Amino acid sequence: SDLRPDTNDPEMAFAQAYLKFRNREYDDAISLFRSYLSVFGQNEKADDAAFWIAESLAAQGRFAEALSEYNNVMTKHPNGDR
């Protein structure tokens with residue numbers, strides 16, 4: 001599978017990652033959302049990306065990691081919509 005995110009188009013990169021989440025391909029989703037954050041970290045959807053990383057971890061039963069990501073979302077994006 002091609003795991004290089006679309007680095008020119010934040011909407012497309014986000015959609016790629018979210019599709020992996022929807023398909024329950026959580027490792028791929030996490031990796032694509034992390035890439036998204038490293039490229040588009042200032043984007044308005046950064047809090048959503050961080051949230052879906054946490055959701056992906058939780059879905060895998062990695063609750064300690066998920067919790068730390070949820071905390072991350074609230075610390076880094078206090079005014080975000082998540």
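Helices here are DSSP runs of H or I with at least four residues, strands are E runs of at least two, and both are numbered from the N terminus. This is a predicted model, so local features need pLDDT of at least 70, side-chain atom pairs count only at pLDDT 80 or more, and totals for chains, interfaces and linings use all residues. Residues are numbered from 1 along each chain as its sequence is written, and side-chain values use heavy atoms, with hydrogens and water left out.

Let me start with D48. D48 sits in helix α3. Buried or exposed? Buried means under 20% relative accessible area, exposed over 50%, partly exposed in between, with a 1.4 Å probe and protein chains only. D48 comes out at 9%, so D48 counts as buried. Contact means heavy atoms within 4.5 Å. Setting aside neighbours within four places in sequence, D48 contacts F14, D81 and R82.

Next, helix α2. The buried residues of α2 include Y26, I30, F33 and F40. The buried set packs against α1, residues 10-22, and α3, residues 46-59.

Now salt bridges. The rule is a side-chain nitrogen of Lys or Arg within 4 Å of a carboxyl oxygen of Asp or Glu. The count is 6. One joins K20 and D28, at 3.8 Å from N to O. K20 and D28 are both buried. Another pairs E69 with R34, closest N and O atoms 3.1 Å apart. E69 is in α4 and R34 in α2, so this pair ties together parts 35 residues apart in sequence. E69 is buried at 10% relative accessibility, while R34 is partly exposed at 38%. E65 also bridges to R62, with 3.0 Å between the closest N and O. Shared partners link K20, E25 and D28 into one network.

Last, the pocket. On a 1 Å grid over the protein atoms alone, a pocket is an open set of points where a 1.4 Å probe fits, with protein on both sides within 12 Å along at least five of seven lines; lining residues have an atom within 4 Å of a point. Points join across faces, edges and corners, and volume is the space filled by probe spheres set on them. The largest pocket has about 230 Å³. Its lining has 15 residues, with L37, G41, A46, K76 and H77 nearest the centre. Helices α2, α3 and α4 (63-76) each give two or more residues. The top contributor is α4, with 4.
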